[in-house]
Amino acid sequence: LVLPMAYLIKHSFDVFLPAGRVGGIALAGAGLIVLHTLNSAIGLYVRHTTLRVTKGVVQRLREQLLEEVIFMPRAIWDKADRAALHASIVQHTERLDTMSNALAGLFVPAAVLSVGLALVLLGLNWLLFFAMLAVLPPMMLVGQYTKHKTRVLIQNFHHEFEGFSKGLLFVVQMLDLVRMQGAEEEELHRQRALIVKTRDA
């Protein structure tokens, strides 16, 4: 649907505008509106289908993890860091949900569209197609470099965010104990430090 839209725009500028054909411009505009509406409707349908599939998978994963926790052997449960376990299950499943939505909802459609447009470009002008191919290796090298750098930063952020989540869970669960010991200011200072570290990460 993107290609006929591009063609209508090109035809309007090349033919209708120079000839002063207002009716042709109006028809091209109506065609663009129809094509854009269809494009949006298909995009919405694809997004709905993607969400239905990925949310179902994440739901089953969360149910399985909950089952693992409930039936965890007592010896392991006694040694487990429960706040870390809670943070890990909640955050990792949320990250998986976000990643699967991006993969299925953005990456796959973009890849299909890119291949289609590359084939159209090959049909229109093979020199431009090979010029595009020549640009890909440097772009991939830059992508690999930034991916490596970003991965380290993201892992650091996940670590700090888990610390923040554990700290907040501790405050919620142990607030009475903190108050009995008169340690509100000390605990507030400790949790603020975790929040600052999370912001910086």
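Q: Where is the kink of about 75° in α5 centred?
A: The kink in α5 is centred on Met174. The bend at a residue is the angle between axes fitted to the seven residues ending there and the seven starting there. Helices here are DSSP runs of H or I with at least four residues, strands are runs of E with at least two, and both are numbered from the N terminus.

Q: Before we go on, what kind of model is this?
A: This is a predicted model, in which local features need pLDDT of at least 70 and side-chain atom pairs count only at pLDDT 80 or more, while totals for chains, interfaces and linings use all residues. Residues are numbered from 1 along each chain as its sequence is written, and side-chain values use heavy atoms, with hydrogens and water left out.

Q: Thanks! How many residues does α5 have, and how far does it reach?
A: Helix α5 covers residues 126-180, which is 55 residues, and reaches 77 Å from its first C-alpha to its last. That is close to the 81 Å expected at 1.5 Å a residue. The expected span is 1.5 Å times one less than the number of residues.

Q: Which residues of α5 are buried?
A: Phe129, Glu160, Ser165, Gly167, Leu169 and Val178. Buried means under 20% relative accessible area, exposed means over 50%, and partly exposed is in between (1.4 Å probe, protein chains only).

Q: And what do they pack against?
A: The buried residues of α5 pack against α4 (82-124) and α6 (184-200). A contact means heavy atoms within 4.5 Å.

Q: What's going on at the start of α5?
A: There, a side-chain oxygen of Asn125 comes to within 3.0 Å of the backbone nitrogen of Leu127. A polar contact is a pair of N or O atoms within 3.5 Å; within protein, one must be able to donate a hydrogen and the other to accept it, and residues adjacent in sequence count only if both atoms are side-chain atoms. Further along α5 sits Thr146, whose side chain reaches the backbone oxygen of Gly143 at 3.1 Å.

Q: What follows α5?
A: Gly182 does, and its phi is positive, near 65°.

Q: New topic: how many aromatic pairs are there?
A: Four. Rings of Phe, Tyr and Trp (its six-membered ring) pair if their centres lie within 6.5 Å; planes under 30 degrees apart count as stacked, over 60 as edge-to-face and the rest as tilted. The rings of Trp126 and Phe130 have centres 6.2 Å apart and planes at 75°, so they are edge-to-face.

Q: Which helix holds Trp126 and Phe130?
A: Both lie in α5, four residues apart, about one turn of the helix. Phe129 and Phe130 are also edge-to-face, with ring centres 5.4 Å apart and planes at 80°. Ring pairs link Trp126, Phe129 and Phe130 into a cluster.

Q: Is Trp126 buried or exposed?
A: Trp126 is exposed, at 53% relative accessible area, whereas Phe129 counts as buried at 13%.

Q: Which residues make up the largest nonpolar core?
A: Met5, Leu8, Phe16, Ala28 and Leu35, five residues in all. Helices α1 (2-19) and α2 (22-70) each give two or more residues to this core, and α1 gives the most, with three. A nonpolar core is a set of buried Ala, Val, Leu, Ile, Met, Phe, Trp, Tyr and Cys residues joined through side-chain atoms within 4.5 Å.

Q: What does Ala28 touch?
A: Leaving out residues up to four places away in sequence, Ala28 touches Leu8, Ser12 and Phe16.
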